[in-house]
Amino acid sequence: MKNFICSKEKADQVEMCVLCGAETPYKFYEHIDMRYGYVEGCGQLCEKCYDMGTNREQLLVPASLIKTISNDSELGAKVRKLYWDSR
Ligand SMILES: [Zn+2]
C-alpha cells in the first residue's frame, strides 16, 4: 500500500528537463506520446532545449557512446557527426 502511495505521488510530480534541469510542462503520469520534447532513451526536455531542432544550442549524446568508445578522438568525431547530422 505504501508503495502505491509513493508511486502515485511520483506520478503527480513535474518532470524536470534531463538536460538543463528546468521544470517541464509535464507530469510523470502523462503519456510520452502526448508530449512535446520527449526523447526516447534520454527523457523529457524542456521546450528551450528541444526547440524543434531548429535553434538547438545543446546536443544529447547517448551514454552508450561514452561507455563503449574508449578512444577520445573517436568519441569526439562521433559527437561532431551527431552535431552535424542534427543540423
Ligand atoms: Zn532544458
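Biologist: Which residues is Arg35 in contact with, leaving aside its neighbours within four places in sequence?

Modeller: Arg35 is in contact with Tyr26, Glu30 and Gln44. Two residues are in contact if their C-beta atoms, placed from the backbone, lie within 7 Å. This is a predicted model, in which local features need pLDDT of at least 70, side-chain atom pairs count only at pLDDT 80 or more, and totals for chains, interfaces and linings use all residues. Residues are numbered from 1 along each chain as its sequence is written.

Biologist: Why is Arg35 called partly exposed?

Modeller: A residue is buried if 20 or more other C-beta atoms lie within 10 Å of its own, exposed if 12 or fewer, and partly exposed in between. Arg35 has 15 other C-beta atoms within 10 Å, so Arg35 is partly exposed.

Biologist: Where does Arg35 lie?

Modeller: Arg35 lies in the loop between strand 2 and strand 3 (38-39). Helices (H or I, at least four residues) and strands (E, at least two) are DSSP runs, numbered from the N terminus.

Biologist: What makes Lys27 count as exposed?

Modeller: Lys27 has 12 C-beta neighbours inside 10 Å, and therefore counts as exposed. Lys27 is found in strand 2 (residues 23-27). Apart from neighbours within four places in sequence, the contacts of Lys27 are Ala11, Asp12, Gln13, Val14 and Glu15.

Biologist: How many bridges join strand 1 to strand 2?

Modeller: Two strands pair if DSSP finds at least two bridges between them. Two bridges join strand 1 (residues 14-16) to strand 2, and the strands run antiparallel. Met16 stands opposite Glu23 in strand 2. The hairpin of strand 1 and strand 2 has six residues between the strands, and Gly21 takes a positive phi near 85° there.

Biologist: Why does the span of helix 4 agree with its number of residues?

Modeller: The expected span of a helix is 1.5 Å times one less than its number of residues. The 14 residues of helix 4 (residues 72-85) should span 20 Å, and the end C-alpha atoms are 20 Å apart, so the span agrees.

Biologist: What is the count of buried residues in helix 4?

Modeller: The count is zero among its 14 residues, and helix 4 is hardly covered. Of the 87 residues of the chain, 8% count as buried.

Biologist: Which elements of the chain have the lowest and the highest mean pLDDT?

Modeller: pLDDT is the predictor's confidence in each residue, from 0 to 100. Helix 1 (residues 2-11) has the lowest mean pLDDT (65), and strand 1 the highest (93). The chain averages a pLDDT of 83, and 85% of the residues score at least 70.
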